[in-house]
Amino acid sequence: MELNIRQYLRLKIDETSFLLPSTASLAIEKREGLSSSSDSRLVAAWRQTSRGRWPAYSLDQQLQPAPRNSWSRAVYLNATPNPVGLVTDEIQLIPTDQLQIVPFHPPGPAPTAVGHIFNGAHVTGDELLLVLEPGAFTAYLMSLEG
Amino acid sequence: MAETIAHTMHALVIPTTRVPMLVPSAITAEIMSVPQLKPVPFSENWLLGVIGWRGRAVPVISFENLLGDPSPPVFHHRSKVVIFQPLSGLSEWDFFGILASADPHPYTVDTATDLKAAATPISSPLVAATVTVGRTSVVIPDLDGIRRALYPGR
């Protein structure tokens with residue numbers, strides 16, 4: 001886990017939430033600033049840039065591709081050749097000192113060649129939020145492009 | 001005059017829906033009611049979810065599903081989660097839980113105890129032996145096998 005993370009993004013997706021280190025976020029875009037997608041079943045929206053368009057995927061609470069209409073923003077992660085994004089219902093910026101982040105190694109085989117999608121968790125009282133591992137999560141999003 | 005040295009081991013019989021387990025008490029940390037399980041995306045069917053326990057994130061597994069039983073586990077009001085100490089070679093925070101169908105009960109294994117091999121042993125890299133406790137057939141898990149199944153490559 002990266003140790004010097006000062007803030008996390010709480011990504012609300014389909015009635016559940018995940019944390020993403022803010023350092024992994026390249027850009028956050030409002031829905032109004034994105035182009036709707038009609039040419040891809042998996043892509044919810046595109047960000048048009050001078051260097052091409054960046055996809056933003058719609059996932060359900062199991063992080064499986066699923067069309068959803070209730071999203072309001074997309075968060076983009078750096079990737080090559082183009083950044084990839086994820087649409088979310090809500091994004092909240094939380095300082096690390098307001099979280100209790102502990103290591104978490106999901107048991108079982110890793111779903112990506114880069115490793116597990118999660119590498120930590122915020123645990124306090126009854127609340128538990130899984131922390132996305134940026135490299136593996138980016139690899140997963142890129143794998144959706146097929 | 002020959003001296004008899006008694007070796008005893010305090011153990012727990014952990015009831016599950018189909019395959020009770022016999023484990024040393026020393027490798028368990030706590031027995032608790034089933035808290036809310038947070039699903040872990042991309043997990044195998046034997047990973048029932050993760051719970052917050054003593055400030056840690058602890059995965060809870062179904063031993064039967066880990067053995068290959070495809071049936072989903074049965075939860076009811078008597079179900080418990082048995083928290084296990086981190087297995088040898090893992091990090092100090094790698095506690096894990098196993099779903100029990102009811103409260104485990106203590107069992108003392110000593111030299112005089114006749115742990116007979118069960119008539120129909122379960123063949124699995126996760127099982128060290130299948131024995132009878134009273135009239136019940138129970139499995140003694142192979143902890144190295146469980147570690148390899150939970151954390152391949154570690």
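Chain A holds 1 helix and 12 strands. Both are DSSP runs numbered from the N terminus: helices are H or I with at least four residues, strands are E with at least two. Along the sequence the pattern is β-β-β-β-β-β-β-β-β-β-β-β-α. The radius of gyration of chain A is 15 Å, close to the 15 Å from the globule rule for 146 residues, so chain A is as compact as a globular protein of that length. That radius is taken over C-alpha atoms, and the rule is 2.2 Å times the number of residues to the power 0.38.

This is a predicted model: local features need pLDDT of at least 70, side-chain atom pairs need 80 or more, and totals for chains, interfaces and linings use all residues. Residues are numbered from 1 along each chain as its sequence is written, with chains lettered from A and ligands numbered from 1 in the order written.

| Property of chain A | Value |
|---|---|
| C-alpha box along the principal axes | roughly 40 × 30 × 25 Å |
| Buried residues | 40% of 146 residues |

Buried means 20 or more other C-beta atoms within 10 Å of the residue's own, with C-beta atoms placed from the backbone.

Chain B has an open sheet of 5 strands, ordered 3-6-7-5-4, with mixed pairing. Strands pair if DSSP finds at least two bridges between them. Strand 3 (28–33) and strand 4 (47–53) of chain B are the edges, each pairing on one side only.

Strand 6 (residues 80–84) and strand 7 (residues 96–100) of chain B run antiparallel, joined by 5 bridges. B:Phe84 has B:Phe96, in strand 7, as its bridge partner.

Technical notes:
A residue is buried if 20 or more other C-beta atoms lie within 10 Å of its own, exposed if 12 or fewer, and partly exposed in between; C-beta atoms are placed from the backbone.
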